[in-house]
Each structure stands twice: as structure tokens, then as C-alpha cells.
Amino acid sequence: MSRAGSRNTGATAADVPVIETRALEKIYSEGTEAEVIALRGVDLRIMRGEFVAIMGPSGSGKSTLMNLIGALDTPSAGVYLCDGVDVSTLDREELATLRRDKIGFVFQGFNLLPRMSALDNVAMPLGYANVPPAERRERAQAALEAVGLGARTGHRPSELSGGQQQRVAIARALINRPPVLLADEPTGALDTKTGEEILALFKRLRDEGHTVVLITHDPDVAAHADRTYVMRDGQLDEESGAGSRDSGFDSNPNPDPNPQSRLSTDARPVIPNPGSKS
Ligand SMILES: Nc1ncnc2c1ncn2[C@@H]1O[C@H](COP(=O)(O)OP(=O)(O)O)[C@@H](O)[C@H]1O
Ligand SMILES: [Mg+2]
């Protein structure tokens, strides 16, 4: 089957990009003095099973793009196709269903509910999907086991380390088995070693068929992905050459002489995210 032009003719899921944007634009406070052009014609194409990084400095538009990909906000212009569906054609209820079933969100700050156990946090998104309680517990338990936390299901977030809390958040993001895991600075609040463990978990999820979209300001974090897009002032370009570090950022003061070192276990300090808003 030809890969092109098959979107509406019984294409298999593997043929259709799970995320595709065409000339996507976002302008905040358009026409006012406070106008900000946050995205300038973004073309993005991600296939199922890919591990892709979107890298750029603070303020370049990464979170804006994540909000559009996550159908949390609407673009000013351009097209966004999620799993082949033009998101602009969906009504409120269909959008809520798309957010629940297609995209799992992971944030820098974990965003767990403090009074709930790890198990209940992970089971939360199932409530809206009308899953019976016994099955909810079973699925949450399995999701926690899949991220290596099977023995911590009764703990509250405050009783878990940062890395463990992020694993809970990843289990929660995966509970509805979405094709895409969308992570905005997921290692930003973690030390280097713990961050590497979370990145290793993403690689494993990729190997198991998940699509991982990793948003980061840090070239060392982005280097774990198979492919990297670079965002600069609202413009997105695919980084040429696997592992290329020459992105012109100042966040890595000691450029790596060996771009292939991402294949080694070498772990340099992850520079903390300067802005909590990122
Ligand atoms: N809700 C908003 N209203 C107005 N401007 C915004 C809003 N969100 C982000 N911006 C602006 O859009 C630009 C891109 O921001 P953002 O997408 O948060 O970048 P990043 O995540 O790369 O740090 C910045 O100039 C930011 O100040
Ligand atoms: Mg951001």
C-alpha cells in the first residue's frame, strides 16, 4: 500500500502519522499591544512507535505546541491531525474523548493528588471511562508494575522520591493506553541519575510500541530521543544528523566532542530548568 494519500481509504494505523501539524500558528492576544506570536508555521510529523524530542530554549514556544498537540488549546491558523483526525472538526465532547484516549500527559511537577495513594492517582483517569472498580484497581496495579513501582501502590506522593512520583505520573498517563505519551520537561525537577532512569523508562516504553514526545530545553535530555526537532522563536526545524549537539544553545557550556556519547552511560549534569513555567 502506498504511504501517501491513504488517510481516508482504510489506511492502517501504522500508515497515518499519530501527530501531524501543517503550518500551525499560535498568536496570543492577537491585535493588542501584548500580542505574542508563539508559533510560526510549525510542521511536525510523528509516526507511531517513535521517540521524538522537541528541544528549544525557554520562551521558544514548546509548551504552546504541547498544548495544541494535547488539544488543550486551539491554533490561530494551520491544521492539526491527531491519529488522522482533524482536531478542529471535533466538538467539546469529542475533544475530551481525544484527550483521554489518545494522549497521556507527563509534566515537570508530576501533578499528583497529595491525599491519594499511588494506586488511586493512577486509577483516576479511569473514572471518566466508566471502568468497574475491581478492573480499575487491577489496571492501576499493572500500570504501576510496568513502571517498576508494584511494591509502592499504597504510598502517597509525599512518601515517594521525585523519581518514583514521576513514575506514578507516567503510569497514570498510560492507564487509558493512549498511543502518545507527551512529556513536558519530565526530568526538569529530578537529579541527573534519576532523570536518566526516567529517560530509560521512556526508551523501554518506545520499545513496547508507545510513541513518546519529549519536550525539553536540555540538549543532553533530547539526545536520548531517536529524532529531535529544534524550536527557535516559534519556528520548528528537524535537527539534521542523529545526535547532533550543535544547536546553538548556551545551556551546555561544555559541548560534547563525541556526539555518539548518548550511547554510553556517561552522565553529565542536567542543567536545572530556569523557569517553572516551562
Ligand atoms: N497564555 C499566554 N498568553 C500570552 N503569551 C503567552 C502565553 N503562553 C505563552 N506565552 C508566550 O508565548 C511564548 C512561548 O511560550 P511557551 O510556549 O511557554 O515557551 P516554552 O515552553 O518554550 O518556554 C513566550 O513568549 C510566552 O511568553
Ligand atoms: Mg514550557
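1. A word before we start: two residues are in contact if their C-beta atoms, placed from the backbone, lie within 7 Å. Keep that in mind as you look at helix 6 (residues 192-207), which lies across strand 3 (51-55), strand 7 and strand 8. Helix 6 runs at about 150° to strand 8.

2. Please remember that this is a predicted model. The mean pLDDT of the protein chain is 85, and 81% of its residues reach 70 or more. Two stretches call for care. Over residues 1-10 the pLDDT is below 50, and this stretch has seven contacts in the model beyond near neighbours in sequence. Over residues 243-278 the pLDDT is also below 50, with 50 contacts beyond near neighbours in sequence.

3. Now for the chain as a whole. You can find seven helices and 10 strands in the protein chain. Of its 278 residues, 38% are buried. Among contacts with a separation of 6 or more, 71% join residues 24 or more positions apart.

4. Next, the sheet. Strands of a sheet pair through backbone hydrogen bonds, either parallel or antiparallel. In this model, six strands form an open sheet in the order 6-7-8-3-9-10, and the pairing is mixed. Which strands stand at the edges? They are strand 6 (103-107) and strand 10 (235-238); each has a single partner strand, so one side of each is left without a neighbour in the sheet. From one strand to the next, the twist averages 20°.

5. Within the pair, L182 stands opposite V213 in strand 8. Helix 5 (residues 162-174) packs on the sheet too, where helix 5 touches strand 6 and strand 7. The direction of helix 5 makes about 165° with that of strand 6.

6. Finally, the ligand. Which residues come nearest to ligand 1? Of the 13 residues around ligand 1, they are Y28, A38, K62, S63 and T64. Strand 2 (36-46) and helix 1 (62-69) are the elements that give two or more residues to this shell. Helix 1 provides the largest share, three residues. Sorted by class, the shell around ligand 1 has three nonpolar, nine polar and one charged residues.

Terms used: Residues numbered from 1 in each chain as written. Chains lettered and ligands numbered in written order. Predicted model: local features only at pLDDT ≥ 70, side-chain atom pairs only at ≥ 80, totals over all residues. Near = placed C-beta within 6 Å. Helix = DSSP H or I, 4+ residues; strand = E, 2+ residues; numbered from the N terminus. Nonpolar A, V, L, I, M, F, W, Y, C, P; charged D, E, K, R; others polar. Buried ≥ 20, exposed ≤ 12 C-beta atoms within 10 Å, placed from the backbone. Pairing = 2+ DSSP bridges. Axes fitted to C-alpha atoms, helices over the stretch in contact; angles between N-to-C directions. pLDDT = per-residue confidence, 0-100.
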